Amino acid sequence: MRIPSRLRAQCLKALMIATMSATTACNALDLSGLSDAFSSRLTAIGVTSGGIVEVGDTIRLEASGSVSGLIGIFSYAPVLDAEWSVSNPLVAKLIPLPPPPPEDSFPRARVLVRGLQPGKDTVSAQSHGIRGSAEVRVIQRIDHIDIRTLRDTLFVGDTVPIMTTVVGSDGAPIMDVPLTSEATGGVQLLTYSAPPRVIAIESGPATVTARFRKAAGTFSLTVLSR
């Protein structure tokens with residue numbers, strides 16, 4: 001069907017007006033915030049808590065980066081190019097690790113920290129001018145963990161505190177070492193109190209064990225019925 005010239009001219013004019021209106025509306029919008037919202041700029045680096053390591057032993061630290069914009073809500077920067085450093089190379093040293101395997105769904109920068117002598121050290125990871133740090137405490141190598149209670153024979157229903165001492169290879173106690181404890185046999189642990197306690201629940205032999213990584217100490221108890 002042939003469209004009259006006058007109708008075609010009117011349609012073309014209307015289309016031009018609509019296009020100009022849409023262009024003006026878009027120019028009036030402030031789209032500067034969109035680039036910030038969809039950017040992926042590194043804003044911070046977090047290093048996993050260093051914790052405690054014995055002289056001659058190693059622990060692994062990992063780092064990942066916070067990302068700006070909407071992308072940062074759903075993702076992070078693995079900062080695999082991070083440069084690691086220690087504040088005191090006499091206390092601890094770094095041992096590089098190979099990059100994570102390709103199949104790792106959540107890759108992070110990582111490094112081993114070996115304790116050299118007792119003290120505190122700050123381990124840092126830096127990438128794109130951003131730095132993140134964690135403190136590592138190096139302790140003397142543990143010789144043994146001593147566990148004791150007020151008595152080694154309990155009656156069902158008795159509750160006694162557990163005292164633990166971490167002893168270093170030089171014979172001196174090491175303070176503030178976080179221990180994990182477990183009980184077997186006729187006692188249960190009450191870890192909400194300080195110091196932790198055990199309650200006798202049934203007659204028979206029982207043991208209480210305290211651990212820090214490879215070191216462990218055990219105390220034997222006997223529970224009697226009333």
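Which residues does Val55 touch, not counting residues up to four places away in sequence? In this predicted model, the contacts of Val55 fall on Gly115, Leu116, Gln117 and Pro118, and also on Val138, Ile139, Gln140 and Arg141. Val55 itself has its place in the loop between strand 2, which covers residues 51-54, and strand 3, which covers residues 58-67. Because its relative accessibility is 18%, and buried means under 20%, Val55 counts as buried. A further reference point is Val91, which stands 36 residues from Val55 along the chain, with 8.9 Å separating the two C-alpha atoms.

The chain has 226 residues, of which 30% count as buried, and its secondary structure comprises three helices and 18 strands.

In strand 16, Val198 and Ala200 make up the covered face, whereas Arg197 and Ile199 make up the uncovered one. Strand 16 pairs in the antiparallel sense with strand 11, residues 159-161, over three bridges, and in this part of the structure Val160 stands opposite Val198 of strand 16. Strand 16 also pairs with strand 15, residues 187-190, again in the antiparallel sense and here over four bridges. Gln188 stands opposite Ile199, a residue of strand 16, and strands 15 and 16 form a hairpin that has six residues between them.

The largest pocket holds about 250 Å³ of space. Its lining contains Thr164, Thr165 and Val166, then the run Pro173, Ile174, Met175, Asp176, Val177, Pro178 and Leu179, and finally Ser181 and Pro196. The elements giving two or more residues to this lining are strand 12, residues 163-168, and strand 13, residues 173-174, and strand 12 gives the most, with three residues. By class, the lining of the largest pocket divides into eight nonpolar residues, three polar ones and one charged residue.

The second largest pocket, with about 170 Å³ of space, is lined by residues from another stretch of the sequence, namely Leu80, Ala82, Trp84, Leu94, Pro96, Leu97, Pro98, Pro99, Pro100, Ala109, Arg110 and Val111. Strand 5, residues 92-96, and strand 6, residues 109-115, each supply at least two residues of this lining, and strand 6 gives the most, with three residues. How does the lining of the second largest pocket divide by class? Eleven of its residues are nonpolar, no residue is polar, and one is charged.

Definitions and conventions. Residues are numbered from 1 along each chain as its sequence is written. This is a predicted model: local features need pLDDT of at least 70, side-chain atom pairs count only at pLDDT 80 or more; totals for chains, interfaces and linings use all residues. Side-chain values use heavy atoms; hydrogens and water are left out. Buried means under 20% relative accessible area, exposed over 50%, partly exposed in between (1.4 Å probe, protein chains only). On a 1 Å grid over the protein atoms alone, a cavity is a set of points where a 1.4 Å probe fits but cannot get out, and a pocket is an open set with protein on both sides within 12 Å along at least five of seven lines; lining residues have an atom within 4 Å of a point. Grid points are joined across faces, edges and corners, and a volume is the space filled by probe spheres set on the points. Ala, Val, Leu, Ile, Met, Phe, Trp, Tyr, Cys and Pro count as nonpolar, Asp, Glu, Lys and Arg as charged, and the others, Gly among them, as polar. Two strands pair if DSSP finds at least two bridges between them. Contact means heavy atoms within 4.5 Å.
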